[in-house]
There are 2 protein chains.
Amino acid sequence: MTELLWGTPQPPSRGPKPAVTLAGIAEAAIRIADTEGLDAVSMQRVADDLPVTKMALYRHVPGKTELVAVMSDLAMGTPPERPEQPWREALRTWSMDLYEGFNRHPWLLLTTVGRRPVGPNELTWMEHGVRALTDSGLSGSEQFDAILVLSGHVRTLALQTASLPGGRAGLTEEAFLGTFATILTTQAERFPSLAAALRSSNQNNEGLEFGLERILDGLAVLIESRK
Amino acid sequence: MTELLWGTPQPPSRGPKPAVTLAGIAEAAIRIADTEGLDAVSMQRVADDLPVTKMALYRHVPGKTELVAVMSDLAMGTPPERPEQPWREALRTWSMDLYEGFNRHPWLLLTTVGRRPVGPNELTWMEHGVRALTDSGLSGSEQFDAILVLSGHVRTLALQTASLPGGRAGLTEEAFLGTFATILTTQAERFPSLAAALRSSNQNNEGLEFGLERILDGLAVLIESRK
DNA sequence: GTTAACTGTGTCCGGTGGACACAATAATGT
DNA sequence: ACATTATTGTGTCCACCGGACACAGTTAAC
């Protein structure tokens, strides 16, 4: 698995020319996941988009698990290069870039989960995040934990808004909020605080910025205290 | 779906006594997911643990999607009752309780994802979270967003530590950190900030508390500014 | 006692990931 | 030039999955 993610592909010395490459397979899978949802990505479906049969794919990738890992790291891409900035601004744009990435490939939210082999692109994202904090005075662990909080928040909000096309049961935004509001009004006595909060809510949908600024505020408090 | 999650089960007036109940089915499914992982939960496997055949389950639940929704809300349970406390302490224990819940049923991290019908237990968790902020001076939307950030962080950290037994490819902690460290040392020039952070890291594994306190600090800044 | 409502069963279907044997291909060693 | 050998692609087969559907068995209401 590590080999697949990190190894540099070597064309075989002997035997017939491969009709497809690992990257080509992953790209086809990404295209399918983007347009038809993650559930549509089957070995058969991927092979249909390539000039090979299903079983030929297993010559390039050991199994579907590994294919998903490769396509995930590939789809993650690398963070856009940004001019150097103070840590707060740098982390803010970093988070926004990450958010945009998750919105481009919503199925990444489902595949990049749990303890799994980390790919080069994902590591590059981490590198850029940590880089913003190298001169902050935080320890190495704290730098890791800080960008973990930020990426976690981005994930959470991306999950909230992304439509997860085709894949998991996708309620529309209005259907979701509709039943939510219905339940809260019909059972207001069971959930008094929630009902009250809903009444004084303006449905702003600015959860991303809100949480982001709170986390950055919290980091600022810690960084200031270290000076 | 909403009916399944919120409706009160009525025994049928006519016909044979049901051999199983929806709750019984969900409990069996939970037991399987806890011990063998979420992937082991198939209609066949659930039926094997009950005195009915696979197809009989479809008399009580429309499909597997709905079964997963029901078992998820059931496994989530309700937050333990805690004595009233200032918002900061209340939210801290609330987060810890939630974390413990995710650790008890790690597969919840996989099933409670995306826009989906919300069940009564999940709503009760939200209720308790928002309740801690009713007198904070924050608006309703802000209260929602605040507990969203907290629950998101808890999810992130639970994902980081939980073993996801059986289900998704579960690398052990040491195997994960091992390859991670190996890559970072062999390719230190590609990821200089990461490598430096790793060197000055004490492998504390206290990410949960770290992020939690940062978020609470950030909320405190906002709440103070409103006074 | 008949009817109607309801539960449970067996069979069948398309689709999935994957094992495995085999044929086709092309560079290498002689 | 030719045999060897590594490698790719193919076809067949399997267990398992979620689920449609027709049918039989059971029980309360009329």
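How many nonpolar, polar and charged residues does the surface near DNA strand D have, by class? That surface has 11 nonpolar, 8 polar and 6 charged residues. Welcome to this predicted model, in which chains A and B touch one another and residues surround DNA strands C and D. The points below take the DNA strands, the pairing of the chains, the core and a few local features in turn.

**Around DNA strand D**

- DNA strand D is surrounded by 25 residues, and the closest of them are A:G15, A:A19, A:M55, B:S42 and B:G63.
- Two or more residues of this surface come from each of these elements: helix 4 (54-57) of chain A, and helix 3 (43-48) and helix 5 (64-76) of chain B.
- Helix 3 of chain B gives the most here, with 3 residues.

**Around DNA strand C**

- There are 26 residues around DNA strand C, and A:S42, A:G63, B:G15, B:A19 and B:M55 come nearest.
- At least two residues of the surface near DNA strand C come from each of helix 3 (43-48) and helix 5 (64-76) of chain A and helix 4 (54-57) of chain B.
- By class, the surface near DNA strand C has 11 nonpolar, 9 polar and 6 charged residues.

**How the two chains meet**

- On the chain B side, 60 residues are in contact with 59 residues of chain A.
- Six elements of chain B each supply at least two residues of the side that touches chain A: helix 1 (2-6), helix 8 (120-131), helix 9 (140-161), helix 10 (173-186), helix 11 (192-199) and helix 12 (207-226).
- Helix 9 of chain B provides the largest share of that side, 13 residues.
- Sorted by class, the side of chain B that touches chain A has 28 nonpolar, 21 polar and 11 charged residues.
- The copies meet through the same surface, because 98% of the interface residues of chain B are also interface residues in chain A.

**The nonpolar core**

- In soluble globular proteins, nonpolar side chains tend to be buried together.
- Here the largest nonpolar core has 120 residues, and A:I25, A:A29, B:I25 and B:A29 have the most contacts inside it.
- Beyond its neighbours within four places in sequence, A:A29 is in contact with A:V41, A:V46, A:L67 and A:M71.

**A closer look at helix 8 of chain B**

- Helix 8 of chain B has 12 residues, and from first C-alpha to last it reaches 16 Å, close to the 16 Å expected at 1.5 Å a residue.
- Its buried residues are B:L123, B:W125, B:M126, B:E127, B:H128, B:G129, B:V130 and B:R131.
- The cover over these buried residues includes helix 11 (192-199) of chain A, along with helix 5, helix 6 (87-104) and helix 9 of chain B.

**An exposed loop residue**

- A:P83 sits in the loop between helix 5 and helix 6 (87-104) of chain A.
- Why is A:P83 called exposed? A:P83 has 7 other C-beta atoms within 10 Å, and a residue counts as exposed if that number is 12 or fewer.
- A:P83 and A:L198 are 115 residues apart along the chain, and 41 Å separates their C-alpha atoms.

Terms used: Residues numbered from 1 in each chain as written. Chains lettered and ligands numbered in written order. Predicted model: local features only at pLDDT ≥ 70, side-chain atom pairs only at ≥ 80, totals over all residues. Contact = placed C-beta atoms within 7 Å. Helix = DSSP H or I, 4+ residues; strand = E, 2+ residues; numbered from the N terminus. Nonpolar A, V, L, I, M, F, W, Y, C, P; charged D, E, K, R; others polar. Near = placed C-beta within 6 Å. Core = buried A, V, L, I, M, F, W, Y, C linked by C-beta atoms within 7 Å. Buried ≥ 20, exposed ≤ 12 C-beta atoms within 10 Å, placed from the backbone. Expected span 1.5 Å × (residues − 1).
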